[in-house]
Amino acid sequence: MAFWWTLLVIGFAYAICRLLLMLIPPNVPSIEVDASDVMDDGNQTQENSYIYIPPRVRTQQQDKRVQCYEPATMKYLGYFPALSREEVNDRVASARKAQKEWAKSSFKQRRLLLRILLKYIIEHQELICEISSRDTGKTIVDANMGEIMATCEKITWLLSEGEKWLKPESRSCGRATLHKKARVEFHPLGVIGAIVPWNYPFHNIFNPVLAAVFAGNGIVVKVSEHASWSGCFYVRIIQAALAAVGAPESLVDVITGFAETGEALVSSVDKMIFVGSTGVGRMIMKSAAETLIPVTLELGGKDAFIVCEDVDLDHVVNVALRATITSSGHNCTGAERFYVHKNIYSSFVDKISERVKAITVGPPLAGKYDMGAICTQEQSEKLQSLVNDALDRGAKIVARGTFGHLPEGAVDQYFPPTVIVDVNHTMKLMQEEAFGPILPIMKFSTDDEAVRLANDSRFGLGCAVFSGSQRRAKNIASQIRSGSVAINDFATNYLCQSLPFGGVKESGFGRFAGVEGLRACCLVKAVVEDRWWPYIQTKHPKPLTYPVADNAFEFQMSLVEATYGLNIWDRLRALVNVLKMLSEQNTPAKDNSAVDDGSKRAD
């Protein structure tokens, strides 16, 4: 009894010590990042004070410049170089040189890097969100929810579990190699390339960078031509943190440009991560095939949002609006197809329409607006085209958001949240990725019909299922062919950074985030060694030693049956045969040479 009391006291003392250690603030260095050139203090130079009018055709690499502007106001922000193939190769070479040094870093040093980044992000949330808002048109609330929270969650997960999942992992050896030890080792790949879109300019850089660097790699990120201004500031944060831990700043780099810049990156790195459209994803795969490097593709989506008749309708409407206005409305693939049970269809449409009409749209930094601008004018035009096609085929608009005071030169950058009914799968709106704040709503009668409608898509990124019965919701969700699913919620799986993220079908393949995403940044190496070296080693039995014996095949068959036979008696019989053949092989053959010589002499 005294023994158990002693253990209890020791355990309690240990818990108290851990609690006290948690109360001691960690000694994390602070970093300074120059933000003077990205702050809108009203004192801009003449060069950066005019309204920018983007070209009506896609900008080409020959322009040599990536022009940047605020989508919400069309205010000019400046330009960055469109890097040539040679310049990209030089950046990758610098990252490769830095990676050779970083590959030797300890997990302690890597965790310190993450803590420095986390500290800066928490202390500079407003700056980070304002820059994201100015470059993409989203509100700062959306920026904080979609960019800051997801990035902080990823850092926290890596700090907590990253080292555990990158340490060598023991594996079983099987019957044939009981005398061996087996393990899997996770080594850096080298330099990883990433091509990321404009929807989450901060998180889209930090997401691949954090995993790649923690796994010991270097990384070069090509940012979108529509988010280069913010991306070139965000990389300063990372490079300042690298310098603070004594690592080469060139380990992480951001490059700007158009298609040629991206093609050059694919051909010069050891792995590619691409987030973007399905069409460009196919081109990335084709280019990667030239050098046979692994690729992770997170492509388009057309997420289904299924609402059964036994739900809390107010809760579901709140989630639906967040899934559309924040997510797809602000530049991410969110809920794009709504399937509502026929018994509550009218009530759902009425409630969500009432809420949508109260949503205000305007310049995100000029007032209290629920939604900002669409990042590109081409995207706004595409949204209107999808709506027009649906209307031509019999759909109806039942509600739209309201505009606030829009800047004169930026009217075309805004698209209000729109509720559309009487839609069907013949319409482009229900088949093509919209990437905008449109809520097309269909009704269904049975769970099987809801599953069929949800799976009737060439995409398969995510889905959400709502039901008052969790068992029913899980049953429906299990039949949806998608890379992720949320039960009675939407997209919260992405905030759970222990989970992998990715899709199926034309939504791509491969995963980032979670254990799977972290290890995807590694050379996964299988290692086998002798368990009791040098006392027991692998030696080939004599029948299999070259030149092989006449009964080598019979011996090998018996060996297989003795090792893997399903019946214990068959295995024992085969083992007896193996031992018999070994003993025969070890018995010296009778020397008949003398007899033969005598016979010859007699003849």
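This is a predicted model: local features need pLDDT of at least 70, side-chain atom pairs count only at pLDDT 80 or more; totals for chains, interfaces and linings use all residues.

Reader: What is the phi of Asp422, and where is the residue found?

Author: Phi of Asp422 is near 60°, a positive value, and the residue is not a glycine. Asp422 belongs to the loop between β15 (418-421) and β16 (438-444).

Reader: What makes Ala491 partly exposed?

Author: Its relative accessible area is 33%. Buried would need a value under 20%, and exposed a value over 50%. The value for Ala491 falls in between, therefore Ala491 is partly exposed.

Reader: What is the phi of Ala491, and which loop holds the residue?

Author: Ala491 is not a glycine, yet its phi is positive, about 65°. The loop lies between β19 (486-487) and α15 (492-495).

Reader: What is omega for the peptide bond that joins Trp533 and Pro534?

Author: Omega there is about 0°, and the bond is cis. Pro534 sits in the loop between β22 (522-530) and α17 (552-564).

Reader: What is omega for the bond from Tyr546 to Pro547, and where is Pro547?

Author: Omega is near -5° for that bond, which is cis. Pro547 is in the loop between β22 and α17.

Definitions and conventions:
Residues are numbered from 1 along each chain as its sequence is written. Side-chain values use heavy atoms; hydrogens and water are left out. Helices (H or I, at least four residues) and strands (E, at least two) are DSSP runs, numbered from the N terminus. Buried means under 20% relative accessible area, exposed over 50%, partly exposed in between (1.4 Å probe, protein chains only).
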